[in-house]
Amino acid sequence: MMKYSGYKGKVLAINLTTKKTSSIEITDEFARKYLGGNGFAVRYIFDMVDPRMDAFDATNVVAMMTGPFQGINSPTAGKYYMATKSPLTNGYFDSVSGGFIGAQIKYAGYDGFLITGKADKPTYLFVEDGKVEFRPAEKLWGRLTGETQEMIKEEVGDPNLCVSAIGPAGENLVRYACVITEYRAAGRGGVGAVLGSKKLKAVAVRGSGTNEVADPEAYEAWMQWYKEEAKKVPGLAVGLPTYGTPALVASIGKMLGAMGSYNHKTEFFQNWENISGERLKKEFWDKDTACPACPIACSKVFSAKSGKWKGAISEGPEYETIYSLGSMCGIDDLGAIIKGDSLCDEWGMDTVSYGVAVSFIMEAYEKQLITRENTDGVEFKFGNDDAMIAYIEKTAKREGIGNLIAEGSLRAARVIGGGSERFAIQVKGLEIPGHSARALRGMSLGYATATRGGSHHDPRPTGEYAGASDRKAVEGKAAWVIGTQQMTTIGDSLVNCHFLERLLGFTLTQKWVDMINPVTGFGYTLEELTTVAERILDLERSFNVRTGIRRKDDTLPRRFLEEPIPEGPSQGMHTDEPTLNRMLDEFYVIKGWDPKTGIPTKEKLIRMGLEDVADRLAKEGISC
């Protein structure tokens, strides 16, 4: 039995090839060293996966994890965590999703699952209180995510059963296929495609256990502190509960002029008001929803009540989807964006990567690098909402040019040629979300150095929006970015929502420590928690350098490096290559990574307690 709380003390290892399972013990030392979620997953994946193999190889592992906060009714912790070697970026990748299934994994007696192997036919897993069943899923294969969840609930006879499922996009190995739980997505990086390669259609979990905290009285005191302090934060008390993340359209799109539009040819969308959160709330809102136990309730159900897309309904769209399916494609019809959001969820695809890949195709079409002969006669011009909608299904099925869109913008650019890689809006193969690398200096360095590449959940833009760090400054930006990456890493290891940053700090602070200790009993200091974050980040980087990733890959699209924002409030802003290199030099020195290669040094790895990782890199001839 563990002396620390918030853990069940074991992870379930599942081999789909052999249909055998086993338990891996979580020791007190392991829990304290890696915390949970992100930390657990990267340690296991580093140890179990040869990073040189293809992501669709049967030996790849999908980690489905929890942290110490799942199952204790903590606000912002109604989530679960997934990680794997990505078929899109070729590196370590993780994604956090809302849903009751995180708590159910705890209640079933586990801290997480490690899924490897490949089933000989479509399968779904049913896990209940320590028992695992490999169930046939032929009749589910080809089904959308919503009907898959409902069919499994009906088969088990439990309408409240928690199910995470892939759609046809995952089955067809679309490189950014996602996993849908209820209506929430483990969206980015292609975890759904890896499950599809394993012929695993879904995971269903229920349990009758509990999860415990170390110091109930101190935890209750923290909960009371949270309730009172959250009322004082406008974003948590008003903005997100009222409008959800679409509220960002006005602040980012109008006030900053930093919302990528027309494949980032500009970042000021003239018709921003048509896709604003205020208009969504006034004309399209049906009801609020929330992740389990979350008082913020930032999720909304919207529907088109009139117009061309009347009847379209979705939980969402979030700000990122309004950017990717909207301004990036030159589309200002909220009905079309709602329809696209719903279809991407049902077919099982990340809306950000799909929308940004489509906007790339639209610019390639505009530049006549592809023609109607390549697009089945479809005019793929900016603003064509019919094309954006129609190619969701075609991409999921890999039909026509949908087969190219399914590869993501970087691989598509390498097929199209003609210099198109210049305007493929991605970093390390991952399409960039709706937070500008040109208007926010921290995001330029943050995207370049992020484990995942173009993700706003490695570095965070929120502190620069709030003025906690000057968005135009170069001095001190490396330390700022490192601080935000440490914060998100701890958040992902706890498997908590990053919106906590508005209350606990944009970088790690004593407030994060004060939240963790009553639940776990670790008695962390801020220094030790920061070391935990750095250890996890160094493990991620070490996995990636074993795939060949180096400093040369820590960069941005040429468009961002060479073309300033042409208009709007942020006109003239960008980070050129010399400035990025200057920030990278400072970043590597602070991190303890070799400035020439970007590889963690042996001294840094040993200082983080990762002697075995240093030995592994040395054994593989990777100089550090």
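**Ground rules.** Since the model is predicted, I kept local features only at pLDDT of at least 70 and side-chain atom pairs only at pLDDT 80 or more, while totals for chains, interfaces and linings use all residues. Residues are numbered from 1 along each chain as its sequence is written, and side-chain values use heavy atoms, with hydrogens and water left out.

I took helices (H or I, at least four residues) and strands (E, at least two) as DSSP runs numbered from the N terminus, and I called two strands paired if DSSP finds at least two bridges between them. Strand E1 (residues 10–15) runs antiparallel to strand E2 (residues 20–25), with six bridges joining them, and I found Lys-10 bridged to Glu-25 of E2. Four residues lie between the strands in this hairpin, where Lys-19 takes a positive phi near 60°. E1 is also joined by five bridges to strand E6 (residues 112–116), this time in parallel, and Asn-15 has Thr-116 of E6 as its bridge partner.

**Nonpolar cores.** I defined a nonpolar core as a set of buried Ala, Val, Leu, Ile, Met, Phe, Trp, Tyr and Cys residues joined through side-chain atoms within 4.5 Å. The largest one has 92 residues, of which Tyr-354, Ile-361, Phe-380 and Ile-405 touch the most other members. Helix H13 (residues 351–366) gives the largest share of this core, 10 residues. Looking up Phe-380, and leaving aside residues up to four places away in sequence, I found contacts (heavy atoms within 4.5 Å) that include Val-358, Ile-361, Met-362, Tyr-365 and Ile-405. A second, separate core of 72 residues includes Tyr-4, Ile-26, Leu-240 and Val-532.

**Cavities.** On a 1 Å grid over the protein atoms alone, a cavity is a set of points where a 1.4 Å probe fits but cannot get out, and a pocket is an open set with protein on both sides within 12 Å along at least five of seven lines; lining residues have an atom within 4 Å of a point. I counted two cavities of 30 Å³ or more. The largest has a volume of about 150 Å³, and among its 18 lining residues Ala-450, Thr-451, Asp-458, Leu-537 and Glu-540 lie nearest its centre. Helix H19 (477–494) and helix H22 (526–546) are the elements that give two or more residues to that lining. The second largest cavity holds about 30 Å³ of space, and strand E14 (residues 299–303) gives the largest share of its lining, three residues.

**Second largest pocket.** This pocket has a volume of about 440 Å³. Of its 19 lining residues, Leu-410, Arg-414, Gln-426, Lys-428 and Gly-429 are the closest to its centre. Helix H16 (409–416) and strand E16 (426–427) each supply at least two lining residues, and H16 gives the most, with three.

Notes:
Grid points are joined across faces, edges and corners, and a volume is the space filled by probe spheres set on the points. Buried means under 20% relative accessible area, exposed over 50%, partly exposed in between (1.4 Å probe, protein chains only).
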